[in-house]
Amino acid sequence: MTVRTAQPEVIDGKAVQSLVEAHAIRGAVVLGQPGGWAVLVRYGALERAVAAQRARTPRLWRNLATAAAFVRDELGVARFEVDAQAHTPDAGARRRPDQAARMKHKHEAAEHDAWFRAEVEKSLARADSGDAEWLPHETVMAKLDARVARLNKRTGV
């Protein structure tokens with residue numbers, strides 16, 4: 001019986017995929033962790049945990065069935081070990097406060113985009129109507145310069 005005390009080294013998903021394609025994976029262990037299950041792959045004399053995307057930490061599956069499906073279907077390993085010694089299911093309240101903020105930002109951006117597009121459509125419809133007044137650029141700039149001068153005079157700039 002192997003007792004694992006330290007966090008295992010990780011291997012990224014692309015490297016794991018290369019090992020699968022080369023038929024180099026000798027075995028796997030689904031390792032219980034606080035809050036989930038990690039997958040260790042064995043190749044050569046090494047054993048590494050499959051890394052989470054864009055991270056150097058082991059990927060965690062929330063339940064044993066999904067971790068087992070990954071080992072069987074993605075790694076092609078039908079027989080593997082399960083080590084539940086360090087598994088604590090209730091420690092897995094994996095909260096993602098950043099996810100809530102990201103979704104809020106996404107919704108705000110979508111609302112702003114919809115508003116902006118509606119404003120552009122209204123402006124284009126006004127411009128296409130027969131009663132639109134078109135001014136030369138020089139006239140608009142002269143009016144703007146006069147407005148800036150009045151503002152500067154009021155504020156003492």
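Visitor: How many aromatic pairs does the structure hold?
Guide: The structure holds one aromatic pair, formed by tryptophan 61 and phenylalanine 70. This is a predicted model, in which local features need pLDDT of at least 70 and side-chain atom pairs count only at pLDDT 80 or more, while totals for chains, interfaces and linings use all residues. Residues are numbered from 1 along each chain as its sequence is written, and side-chain values use heavy atoms, with hydrogens and water left out.

Visitor: Why is the pair of tryptophan 61 and phenylalanine 70 called tilted?
Guide: Rings of Phe, Tyr and Trp (its six-membered ring) pair if their centres lie within 6.5 Å; planes under 30 degrees apart are stacked, over 60 edge-to-face, and the rest tilted. Here the centres are 4.8 Å apart and the planes make 40°, so the rings pair and count as tilted.

Visitor: Are tryptophan 61 and phenylalanine 70 buried or exposed?
Guide: Both are buried, that is, under 20% relative accessible area; exposed is over 50% and partly exposed in between, with a 1.4 Å probe and protein chains only.

Visitor: What makes arginine 59 a charge over the ring of phenylalanine 70?
Guide: The rule asks for NZ of Lys or CZ of Arg within 6 Å of the ring centre and within 35 degrees of the ring normal. The charged end of arginine 59 sits over the ring at 5.5 Å from its centre.

Visitor: In what order do the five strands stand in the sheet?
Guide: The order is E1-E4-E3-E2-E5, in an open sheet with mixed pairing. Strands are DSSP runs of E, at least two residues, and helices are runs of H or I, at least four, numbered from the N terminus.

Visitor: How do you know that E1 pairs with E4?
Guide: Two strands pair if DSSP finds at least two bridges between them. Two bridges join E1 to E4 (residues 46-50), so the pair qualifies, and the strands run parallel. Isoleucine 11 has valine 50 in E4 as its bridge partner.

Visitor: Which strands does E2 pair with, and in which sense?
Guide: Eight bridges join E2 to E3, which run antiparallel, and alanine 28 stands opposite valine 41 in E3. E2 and E5 pair in the parallel sense over three bridges, and valine 30 stands opposite valine 82 in E5. The E2-E3 hairpin has two residues between the strands, and glycine 35 takes a positive phi near 90° there.

Visitor: Why is E2 called largely enclosed?
Guide: Eight of its nine residues are buried, so the rest of the structure largely encloses E2. Glutamine 33 lies in E2 and, at 13% relative accessibility, counts as buried. Contact means heavy atoms within 4.5 Å; leaving out residues up to four places away in sequence, glutamine 33 touches Gln7, Ala38, Leu60, Ala86, His87 and Thr88.

Visitor: Is glutamate 47 buried, exposed or partly exposed?
Guide: Glutamate 47, in strand E4, has 28% relative accessibility and therefore counts as partly exposed. Glutamine 17, in helix H1 (residues 13-21), is also partly exposed, at 35%.

Visitor: How do you know that the span of helix H4 agrees with its 19 residues?
Guide: The expected span is 1.5 Å times one less than the number of residues. For H4 (residues 137-155) that should be 27 Å, and the end C-alpha atoms are 27 Å apart, which agrees. Just after H4, glycine 156 takes a positive phi of about 80°.
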